[in-house]
Amino acid sequence: MKIRLLPDKTVNQIAAGEVVERPASVVKELLENSIDAGAREINISVIDAGREYICVTDDGCGIPYDEMELALQRHATSKLPENNLDNIRLLGFRGEALPSIASVSKLNLISRTSISDQAWKLSIIGGNKEGFSPAAHNIGTTIEVKDLFFATPARLKFLKTLRTEQRHIVDVVKRIAMASPITTIKLMADGRQILNLPSIKENNDQSILSRIDKIFGSDFGSNCLQIDVKRENVTLTGFAGLPTLNKTNSSYQHLFVNGRSVRDKLLFSCVRVAYRDFLANDRFPLVALFLDVPPDIVDVNVHPAKAEVRFSDTGVIRGLIISALKHALSNAGHRASTSSSLAALGATNPYVLPNLPLHGRQTNSHSANYHEIQMSINNSLNSDRLELYQPSAKNDENTAKDTGYDSASLGDFPLGAARTQIHETYIVAQTEDGIIIVDQHAAHERLVYEEIKSDIEKKTVNRQCLLLPEIVNLEEWQVEKLCEKSDELKTAGLLIEPFGKSSVIVREIPAILKDINIQLLVEEIVDDLVENEKVLSIKDRITDIYSTVACHGSVRAGRRLNHEEMNSLLRKMESTPHSGQCNHGRPTYIELKLKDIEKLFGRK
Amino acid sequence: MKLTIERGLLMKVLGHVQSVVERRNTIPVLSNVKFDAQSESLSLNSTDMDIDIVETVPAAVETSGSTTAPAHTLFDIVRQLPEGSQVELDNTEDSQNLVLNSGRSKFTLSCLPTEDFPVLSGDELPHNFELPAKALRTLIDRTKFAISTEETRYYLNGIYIHVSDVDGTTKLRAVATDGHRLAKVEVDCPQGAESMPGVIVPRKAVTELRKLAEEFGENIRVSVSDTRIRFSFDGVVFTTKLIDGTFPDYGRVIPTGNDKVLEVNTSDFSEAVSRVSAISSDKSRAIKLGLTSGNLLLSVISTENGSAVEELGVDYSADGVEIGFNSRYLLDITQQIEGDLARFTLADSASPTLVQDTSDDTTLYVLMPMRV
């Protein structure tokens, strides 16, 4: 066999294999081109999840007719004016997208620039030029892609169902739309409008948030924390969801680096670290973060589809994201998501009383009926009455005197004044403009946990020396990695020394982790170090033990609390950070606004 | 099978064999006890596939035969029968069911076929010797507390019994450790044991054996092979599989160069330790021992509750030293010391400490400090 250069067509198809993985990749590349062209309005239309037809129309700068053929050549681009890969300011730069797409589909490129009074249309089929003629078009560019992958049938076989492919397209459009709030983006699928994201009128946080909110779904806007920090020449802005608003996967976590959406594990691990105390392991918060860095400290030329990036100093970026998220979360204090209370409202069925006869003077046949109904209502209400009526009757007279809260002073206390306890589990409090229902166990558990946690941070970890030190076999690089961090590990309670080239010897362990599988612990730590550069496993396990202690040491459901106890719990919640959710991310209280209650009764 | 037996005797035997039976079993027949009636005796047999116990007692057998019935249920029933009553066991009418008659009570228990019951014991084991019951109790009691419960180092989940040469005389020695502390005790080596292999007796077997040991007679016949150990006495035959692993070379971790010697009254010391650690809410239960000439200062600091100190007059003349321990471990060891004086031999705050009973040179404890 002779070595020879591959023909251009084959090269393009190979490149297409990397860049054009599925219809959504085509949409992504075309959409990014449009945004790079400065478009203010982009219309996307797909048929059969893009397998049949994809069309992207923009009102951007257009392509001059004499450059149109060149645009479809490999490595031809207008986006790298200085031929300098260290200074990438636009989304694209490789010059590969269009030729790659053209090599595996039937592509029409129609474009008109502002200085030209006529549009031109270039047709390419499977990478071969088929026609070049004048056409009608506004200023801007339209690219039609038909019969995607007809030239590489193998790829067709790997496509998922139409629904899945369409979901990918919608995801891609959403992600890009989030980063380009000044562009109107519309998506049609099979003639039906799927997305309509108008451009924001003013470039302020509120409008950006409302755009993100539209993309994430309506809860996010009212349940997020704003982030805006700057360190040296790096700026991080964006929004982090409250822990109580969470999902079962990480697909609602977005990081944009200089306007480019990246799916980087850096982000996921930062988010995990920052939310560690508030969420169970299998729940994920919603996050949209925009990172602005000078182009020379980020390398985007890592991944063909640019889904990953590399930073020259990962530590700084990581530190910035984690501390910004943590800071925002701490300031949130006891805020819990209102979506939980809205969901509760949705579940509230107005209690429909049966139509009771108003007076006793009814026919005999009715009165039997009346008794039955009366009985059943009495029965169903009796238990509630016992619990509710008596204490509240007392409240009416005594609350003001007993507890020192009158309605005038309520405004000073976000969680209001405790009015009563129901089912010996929930505290009902009255606030200035609504009511609060507190889960006493969850709330107290969190308070105890926060207390214990601040204690742990103060004290050093006791280390139990091992009579029989344990030798753990690892790979050589893992040993190096561990030994680099041996000081940090020692503070965490683990004393290790290298033992030969490919094992470490564990001499002391945290005393609290008495019966621990040391081998497993060390392996987890190595994983942590690789993933996060941090020793999380030990701390996680120690915190686990303490959260069990917290659970056992807190007020259980079913314990009767008096007014002083209830109010003191509420005041403590107000002053303790993170008291809005329990250790597993569930809310510790929900708030019903007066206007929501009024809505329930049809008053407004 | 049809027989009559006195309730007290049946309860005693059932009590022995049922405690081996696990509460939950994937193999149904393992929940049962096997009855085997021959001429004038009744044998009860239970197993968890690792431990096998057979006990034989006299009974008035009318028809010989065998069956299996649920062990825990049976024990519950017999326990509640009036004292002194006679119990009749009968499965002659219907082999699927065992009928238990006593006074005016009648219970019908469903049976499983005897053929399903695993046969584990029986064969002869190569090494045999007689061990005084008291010696066996000592071997177990002094070491049991140090057995590890952590499953990855499974070879530490038992007591290592082996023959060892101590200053020219052969001793039978038991050692247990959980990696934090170690307990070692030795007794005179009985004739016939000299050539036995070192064996690791698993924790559950040790616990069961210790329960039976309360009732041991004078001498216990011990049979050992590489994979099993058997204890026979008074009609009971207790066989267990051994842990298949190598016990670490514990001799290396017993320090020999420790030079600081502390002697303290055992009960004063353990009471003081227990008192000061009452303040500790921490699960690691750290306690600090500060030694100066003639004086021991015990201290515990708890971030939540405060602190506690107590001083003890002790016999100590070496250089001052400060060392931390898990108070639980200290108490576990002092509980084993029967003599008035406990001797601690230390080196420094990071090295293993030796603890001994001054009136008993057959036992030795090694304790690793905690870095407080």
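Helices and strands here are DSSP runs, numbered from the N terminus: a helix is a run of H or I with at least four residues, and a strand is a run of E with at least two. Counted in this way, chain B has six helices and 27 strands. The model is a predicted one.

**The two chains**

Chain A holds 19 helices and 24 strands. The table sets out further values for each chain.

| Chain | Residues | Buried residues | Accessible surface | Carbon and sulfur share of the surface |
|---|---|---|---|---|
| Chain A | 604 residues | 48% | about 30,300 Å² | 51% |
| Chain B | 372 residues | 56% | about 16,400 Å² | 45% |

The corresponding share in chain B is 65%.

**A pair of helices in chain B**

Helix α3 of chain B covers residues 133-143, and helix α4 of chain B covers residues 203-213. Their axes come within 10 Å of each other and cross at roughly 135°. Because of that angle, α3(B) counts as oblique to α4(B). The crossing of α3(B) with α4(B) is left-handed.

Which residues of the two helices meet? On the side of α3(B) they are B:Leu136, B:Arg137, B:Ile140 and B:Asp141, and on the side of α4(B) they are B:Val206, B:Leu209, B:Arg210 and B:Ala213. Five of the residues in this contact are nonpolar and three are charged, while none is polar.

**A loop residue in chain A**

In chain A, A:Thr113 sits in the loop that runs between β3 (106-112) and β4 (119-125). Is A:Thr113 buried or exposed? A:Thr113 has a relative accessible area of 10%, so this residue is buried, the cut-off for buried being under 20%.

Beyond the neighbours within four places in sequence, A:Thr113 is in contact with A:Cys61, A:Gly62, A:Ile63, A:Pro64 and A:Ile139.

Technical notes:
Residues numbered from 1 in each chain as written. Chains lettered and ligands numbered in written order. Predicted model: local features only at pLDDT ≥ 70, side-chain atom pairs only at ≥ 80, totals over all residues. Heavy atoms only, no water. Axes fitted to C-alpha atoms, helices over the stretch in contact; angles between N-to-C directions. Parallel < 35°, antiparallel > 145°, perpendicular 65-115°, else oblique. Left-handed = near helix turned anticlockwise from the far one by under 90°. Contact = heavy atoms within 4.5 Å. Nonpolar A, V, L, I, M, F, W, Y, C, P; charged D, E, K, R; others polar. Buried < 20%, exposed > 50% of the residue type's maximum accessible area, 1.4 Å probe, protein only. Areas by Shrake-Rupley, 256 points an atom, 1.4 Å probe, with all protein chains shown as cover.
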